[in-house]
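Could you walk me through this one?

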Amino acid sequence: AALREAAVDACDVQAIMVGTTHFINALLTKKGLAKCAVLRLCGGATGELPPFVDLADGLATEIGVYARTLPGGMHHDGVSIAAVDTAATQLAVREAIAAGATA
């Protein structure tokens, strides 16, 4: 949308710079962080690594307010795992919002 609004062709973009100072400061101080939800479209194998598992000590409990695995998604090679269950996904979004997720 930003490219369209700026009337820029994506082929003309040579680099994207992301400022990380605010992000890193928020992580280090644990201030100003949004309450997050993770809705993972997946198969059964991903249960071995739950959402937020790779975050620093205490950060997962600071920001992770809701996590749910849902049917659907694709393998890394593009082969379908299962069809997305739209009703289950919509319910999970409502539950995440009720749990306080804002991101």
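Here is a short tour of the charged contacts, the cysteines and a surface patch.

Keep in mind that this is a predicted model. Let's start with charges. Searching the whole structure turns up one salt bridge, and it joins the side chains of R68 and E95, with an N to O distance of 3.2 Å. The two partners come from distant parts of the chain, 27 residues apart. R68 belongs to strand β2, which covers residues 64-71, while E95 belongs to helix α4, residues 86-98.

Next, the cysteines. A disulfide is a covalent bond between the sulfur atoms of two cysteines. The cut-off here is a sulfur pair within 2.5 Å, and by that rule the model has zero disulfides. Two cysteines are worth a look for their surroundings. C11 is exposed, with a relative accessible area of 70%, whereas C42 is buried, at 10% relative accessibility.

Finally, the surface. Which residues make the nonpolar surface patch of about 190 Å²? They are L3, V8 and V13. V13 sits in the loop between α1 (2-5) and α2 (21-29). Its relative accessibility is 33%, so V13 counts as partly exposed. That value also matters for patch membership, because a patch residue needs over 30% relative accessible area, and V13 has 33%.

Key
Residues are numbered from 1 along each chain as its sequence is written. This is a predicted model: local features need pLDDT of at least 70, side-chain atom pairs count only at pLDDT 80 or more; totals for chains, interfaces and linings use all residues. Side-chain values use heavy atoms; hydrogens and water are left out. Buried means under 20% relative accessible area, exposed over 50%, partly exposed in between (1.4 Å probe, protein chains only). A salt bridge is a side-chain nitrogen of Lys or Arg within 4 Å of a carboxyl oxygen of Asp or Glu. Helices (H or I, at least four residues) and strands (E, at least two) are DSSP runs, numbered from the N terminus. Patches are made of residues with over 30% relative accessible area and no salt bridge: like charges are joined within 9 Å, nonpolar side chains (Val, Leu, Ile, Met, Phe, Trp, Tyr) within 5 Å. Accessible areas come from the Shrake-Rupley method with a 1.4 Å probe; for residues, only the protein chains shown count as cover.
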